[in-house]
Amino acid sequence: MNFEIKKADWTTFFNNLSKRRFEWMTEVEVLGDKGGDQTLSNGLPLNGITVETVGDRTCIDISVGETTDNHQTHNIVNPMRVAFLAGDDMHGDVVDIEEADGTKTLIRLTEPMGLLVGIAEYEMVLAA
């Protein structure tokens, strides 16, 4: 179910989401008329999403990546709307952030798969 987050709850929502989805794999995509649709990153783990408000100006910062060489921060200045679609067995969560000009930033979050460790069976042969 897709639901809109009230602006007064954005900070709490993103703080909780960042803790619960820390290191989940992400895809960050921007959909807009100015530059067309662009995938900014794909397959990087979530570091966190923060909200900063100074006066009338609000900024949402999305941080993804593993190392200083492989990371990205995307800033959304004065967003107008935030919506969340909880994932199911087939799809991960989606955060939809909309700006005043209609540009949307979509953040897809997918739970990382656990490391699969195989078990090998060995026979011991005793030398006589």
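Two strands are taken to pair where DSSP finds at least two bridges between them. Strands (E, at least two residues) and helices (H or I, at least four) are DSSP runs numbered from the N terminus. The model is predicted: local features require pLDDT of at least 70, and side-chain atom pairs pLDDT 80 or more, whereas totals for chains, interfaces and linings use all residues. Residues are numbered from 1 along each chain as its sequence is written, and side-chain values use heavy atoms, with hydrogens and water left out.

**View 1. Order of the elements along the chain.** The chain contains one helix and eight strands. Read from the N terminus, the elements follow the order β-α-β-β-β-β-β-β-β. Of the 128 residues in the chain, 34% are buried (under 20% relative accessible area; exposed is over 50%, partly exposed in between; 1.4 Å probe, protein chains only). Where contacts (heavy atoms within 4.5 Å) link residues at least 6 apart in sequence, 41% join residues at least 24 apart.

View 2. Strand E3 spans residues 38-54 and strand E4 residues 57-67; the two pair in the antiparallel sense over eight bridges. Within this pairing, Glu52 stands opposite Cys59 of E4. The hairpin of E3 and E4 has two residues between the strands, and Gly55 adopts a positive phi near 60° there.

**View 3. Strand E8 with its partners E2 and E7.** Strand E2 (residues 25-31) runs antiparallel to strand E8 (residues 104-110) and is joined to it by seven bridges. Glu29 faces Leu106 of E8 in this pairing. Strand E7 (residues 93-99) is also antiparallel to E8, through six bridges. Here Val94 has Arg108 of E8 opposite it. E7 and E8 make a hairpin in which four residues separate the strands, and Gly102 in the turn has a positive phi of about 95°.

View 4. Thr26 belongs to E2 and counts as buried because its relative accessibility is 3%. A polar atom of the Thr26 side chain lies 2.6 Å from the backbone oxygen of Leu44. Leaving aside residues up to four places away in sequence, Thr26 touches Ser41, Asn42, Gly43, Leu44, Pro45 and Leu46, together with Val64, Arg108 and Leu109.

View 5. Asp96 is located in E7, and its relative accessible area of 12% is why Asp96 is classed as buried. The side chains of Asp96 and Lys104 are joined by a polar contact of 3.3 Å (N or O atoms within 3.5 Å; within protein, one able to donate a hydrogen and the other to accept it, residues adjacent in sequence counting only if both atoms are side-chain atoms). With residues up to four places away in sequence left out, Asp96 touches Arg81, Val82 and Ala83, as well as Lys104, Thr105 and Leu106. Leu106 is the residue of E8 that stands opposite Glu29. Between Asp96 and Arg108, the C-alpha to C-alpha separation is 8.9 Å, across 12 residues in sequence.
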